[in-house]
Structure formats: C-alpha cells, structure tokens
Amino acid sequence: MVDLAKITEPLSLVRQRPQGPLVLELDLTEGVADEAPGDPISQIMNRRRQHYLDVLEGIRRGARDPRVAALLVRVDARSMGFAKVQELRHTVADFRATGKPAVAWADSFGETGAGNLPYYLACAFSRVVMAPTGVLGLTGLLMRTTFVKGALDRLDVTYEVGARHEYKNALNSVTETGYTDAQREASDRIVTSLGDQLAEAVAEARGLTADEVRALVSRGPFLAGEAVEEGLVDRLAYRDEVYSELFEQVREKERGEDGAGGGRSVEPELQFVTRYHRKHTPPPLPQVRGGSGYIALVSATGTISLGRTRRSPLGGGTVMGSDTVAAAFRAARKDPQVKAVVFRVDSRGGSPSASDAIRRETELTSQAGIPVVSAMGDIAGSGGYYVTLGSDAVVAQPGTLTGSIGVLTGKPVLGRLLERYGVTSDSVSTGEHAGMFDTERPFTESEWERVNALLDQIYADFTDRVAQARRMTREQVDEVARGRVWTGQDAHERGLVDELGGLETAVRLARERAGAGPLPVRAFPRAHPLDRIRPHESSEDLGASGPQTVLGAWGPLRHAAMAMGLPAGGPLMMPESWEVR
C-alpha cells in the first residue's frame, strides 16, 4: 500500500520552508532591449534578452516589496543612451529612498575605452565597487562625426544636397571635410550640456563640487587605487567579495529586526530583476464593462516609415510603421477602458508623410477626450519630434536628444565614377523630370526648383505644426528650429518640451489629465496570436496593421541608401553617424 503521507511530506516541507529576503540582481553587460517583441518568433529568438521597461518596473516593484532587501547591479551602459541611463538612475534613487542598499559593481568602468556613462549610472547607487585590476574611464564626453567627402572626391563622386536650414547637418559628412560653424556650435552645446549633467551628478553623489569633478575628468582615466584615493569609488573587490559583503549586510539587518538572539537566520535569495518582475506581474485581465480602466502604453521606436512596423527576429533594427502606430491609437479611442495614452517615442525620424499620419492620430485621440502624453527616449528628433506634436504634453529626460526641426534631401552623382570604370547606361523617358533622382547626373535648374519647393513646403508645415502645438509664434519657432538638435534640458528651457522626466513622469501627467485616480499602466495593444493568421475584416481591424517580422529590418532601398550615405529613413532625419561616449 502506498503511503501518501511519505510522498507528500517533502512537498509540505517545501511549503513550510521560510522564504529568505530577496536580493534583486541585474547584469547590464547582457544588454537591454527597448521593448518586448510582440510576435512569437521574435519572442523565442529574444527570450533571454532583458527588456528595459521590465527592468524599471521590477526595481520600482522591489522598492515597495517588504521581502526585497537589496539591489545589486553589474553596471554597463553600452546598450543605453544618456536618457535611458538617467531614467534608470531615477529608478535606483527611488529604490534607495526606501532605505534599502543598492550596490553597483563593475570589473572596470571602460578599461581601455571611455567609461563615462556606466560610471554616471553607478553614481546613483549607495555603494560603488570596482575590481582591483579595473580602470575608471572618467575622461569626458566626445561627439565625433566622420567626414568622407575627401575620399568621395578621389572617386569623382559628388553629392547634391538641399536642407532647411543650416543646422540640418545629417549629410554634412558627404558634403564637407569638417564641421561647419553651425554644426560645431550645435554639437559643442550638446556635449557641454551633457557634460554639465554628468559633472553635477557625480559631484552630488561623491560629495564634491562640479568644478572639482571637471578637474578630475581632465586627469582621467584613473587606476583602481587612484579611483579610491580620489573618492570616486568606495571599495575595490572581486565579484565574490561584493556578493558576500552585501549578503552579510542583509543577514545582519534581518537579525536586528528579529531581535537579539531571536529566530532562525534565513539565508538571502538572489533573483534577476526581470525574473522577479515577471513572476509578480499578473496576466492582463479580460476587459470588463464598468471597470476603472487603465492607461495605454504605446511604444514606437526606430526609423519612421509608411506601412507596418517591421522588426528583425534577431533583435536588430526596427522600422516604426505609421499604419501600426496609427492603428494602435484608433484602437485606444474605441476601447472604453483606455482613459489616457502614454506614447513612448525613440526615433531619429524618417518619412514626413508617415510622421504626420502618426501625429494626426495622436491629435484625434486627444480631441476624443483621451489625454495623450509623449515620453521621449534617448532620441526623439526631426520626425521623432514631429510625431509628438498632437500630444497634450511632452516629457523628455535632460539627456534626450530632440528638436532637429528641419528637412533635407539629396542624391549622390556617380556619373564620372562609372565613366572611369567603363560603366555605361542608356535610357528612354517621358517628361522632363523623369530622371530627376537618377544618380548618374546632377539636378537640372528646373529640378532644383522643384527640390527647393519641396523642402520649403515640408519645413513650413513642420514649423507651423510646432507653432500650433507649442503655442509659439513663427519667429519663436524659427529661433529653435532650422534643423538644430537640442538636449532635453535645453529643449525644455526653450519651450519645446513641457516637463523633464521619464516614463514615471509621463504616467503621472496622464493620470492627472485623465482625472481618474491611480490607473494601472498596460502595454497596448495586446493583439490575439490568431490575429496574425486569420483574415481581417477591414483596415479598422487592429490585427491588419500589426508589426511584421522580417529577416532584415530594412528593405533593398534602405541598403542602397546606406551605401550611398543618404538618410534612408527620409527627409525628416537626424544624423546617424554621431558618437557620444
């Protein structure tokens, strides 16, 4: 006869076993993805990738959870820009405000390269630890642009470029051999603004003045011992020592809360932040009429293009399709449970028509009585700024790159290069401008007239939209436009952004405008898996405009444009060749 008591005894012991305090762990050297993929193929291919919003929400949840005792992060920032680092810094600050320790450690901050961003992130923690053989690469920020005009001249390749206006410099790399005065002015201001933000944050964290930090930056990088002597790092230790020390700190706190000699000591448990978040996140509930509702989080990243959003299953580039984003806003307007929308944007821009289509849907959503608050990521410039203009409010981090209110177009002229190598072609056509964008010859005088008319019209539309949305005069817009890129901090001072902050700030504003209390936030829309294979009724069917998974996130025109150095995303694009580190 089977003794059921003996079989079930181990299970009962597991249930009775006291759960120890949790130490949340995060390894940023693995990188973070901006958003979770929506299709099954991408989910399988990227199942081990950490998602940025899961990281933020996991840390926030841990701050409120009495079982969570500490946060331990292996710091790296290679997969994050300045704005995302700032948002993560604020989240860590909220965690620390509960009195729980938060430890940042790294084998090296940069080693043989710049370590400014990872160290900037580490300064948000209560303790900063580095390996004894590490290097602190606090050396200051660098923005670099590579100019290839000299090489193109040797190949007899020229570029014809039209831009509105002097600060719209995405194609300067193929038309110039160095910075123009306008490009240098704008680039210097960006680096200065970001550098000041870095220096002030380090100064506050390490008990120094901003000037003292700037002096240290000019002396970097620092050897491990020097970093401790200068007060930039708290301790030198290997991984095992970092973990042992924090675990002992948690044990001591537990013993102190139990009272002297009280209770059996329970060993701390280690768990990844994203794993913790997913285990404690309930599945989305079915919509119930009469419910309190929620805030819809619509995310849009990548180059803005007409059509559907396209993603690589291997985690590569993303194209923000206007059809997909517009469909999400239409669905939000139809959903009685959606009380507000937070529109998260991270894009250098792209197609003017696609950008305006998205802007129109955000505007219609706001007019329907559903507040829309745009939250900018690392970059939301040119078309990425345009799409926010229908929102009720715009939020950016101080380190966000935004603005770039301008337009450009152009083409390479390859005729002489082809002639040099004996490549010839012939053609027949109808219409004087049939070969207008042919790369074998330059624009004719009448073609330049049409190009300039196009540029003037797009620029006028763009600036008019900005004036209307931001309640500015045309003259005021022109002062901050002309293609110039601003940091979020500078954009806020100039009226292009309503408030500085991240997703949490945007959610707060959305709740305030909705006037419906502390509404939950849900990623939106959540399409049914069968939507990918079933026939769709019409263009109003949300499934018909769902994201596409493509093996290459860019089509053949994208590859050709990249090879020619053109902004493949379209006229409303920011430069892609910037390097800020």
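Predicted model: local features only at pLDDT ≥ 70, side-chain atom pairs only at ≥ 80, totals over all residues.
Residues are numbered from 1 along each chain as its sequence is written, and side-chain values use heavy atoms, with hydrogens and water left out.

**Figure 1. Overview of the chain.** The chain contains 21 helices and 28 strands; helices (H or I, at least four residues) and strands (E, at least two) are DSSP runs, numbered from the N terminus. Of the 581 residues, 50% are buried, where buried means under 20% relative accessible area, exposed over 50%, and partly exposed in between (1.4 Å probe, protein chains only). Among contacts in the chain with a separation of 6 or more, 77% are made by residues 24 or more positions apart; contact means heavy atoms within 4.5 Å.

Figure 2. Six strands form an open sheet in the order β11-β6-β5-β4-β1-β12, with parallel pairing. Strands β11 (235-236) and β12 (269-272) each have a single partner strand and stand at the edges, so one side of each is left without a neighbour in the sheet. Strand β6 (residues 127-130) runs parallel to β11 and is joined to it by 2 bridges; two strands pair if DSSP finds at least two bridges between them. Opposite Arg-235 of β11 stands Val-129. Helix α4 (residues 82-96) packs on the sheet, where it touches β4 (68-74) and β5 (102-106), and its direction makes about 150° with that of β4. Axes are lines fitted to C-alpha atoms, for helices over the stretch in contact, and angles run from 0 to 180 degrees between N-to-C directions.

Figure 3. Asp-27 belongs to strand β1 (residues 22-27) and is buried, with a relative accessible area of 15%. Its side chain makes a polar contact of 2.5 Å with the side chain of Thr-29. A polar contact is a pair of N or O atoms within 3.5 Å; within protein, one must be able to donate a hydrogen and the other to accept it, and residues adjacent in sequence count only if both atoms are side-chain atoms. Not counting residues up to four places away in sequence, Asp-27 touches Gln-50, Arg-74 and Phe-272.

**Figure 4. Val-250 in helix α11.** Helix α11 (residues 239-258) holds Val-250, which counts as buried at 3% relative accessibility. Although Val-250 and Ala-70 are 180 residues apart in sequence, their C-alpha atoms are 7.5 Å apart in space. Leaving aside neighbours within four places in sequence, Val-250 is in contact with Pro-21, Val-23, Ala-69, Ala-70 and Pro-268.

**Figure 5. The antiparallel pair β9 and β22.** Strand β9 (residues 158-164) runs antiparallel to β22, and 7 bridges join the two. Thr-158 has Val-413 of β22 as its bridge partner. In β22 (residues 407-413), 7 of 7 residues are buried. Val-407, Thr-409, Lys-411 and Val-413 are buried on one side, and Leu-408, Gly-410 and Pro-412 on the other. In the loop between β21 (401-403) and β22 lies Ser-404, which has a positive phi of about 55° although it is not a glycine. Ser-404 counts as buried, at 1% relative accessibility.

Figure 6. Arg-164, in strand β9, counts as buried at 11% relative accessibility. The side chains of Arg-164 and Asn-452 are joined by a polar contact of 3.0 Å. Beyond neighbours within four places in sequence, the contacts of Arg-164 include Ile-405, Leu-455, Tyr-459 and Arg-482. The peptide bond from Arg-164 to His-165 is cis, with omega near 5°; His-165 lies in the loop between β9 and α7 (172-175).

**Figure 7. Helix α8 and the glycine after it.** The 26 residues of helix α8 (residues 181-206) should span 38 Å at 1.5 Å a residue, which agrees with the 37 Å between its end C-alpha atoms. The expected span of a helix is 1.5 Å times one less than its number of residues. Just after α8, Gly-207 takes a positive phi of about 70°.
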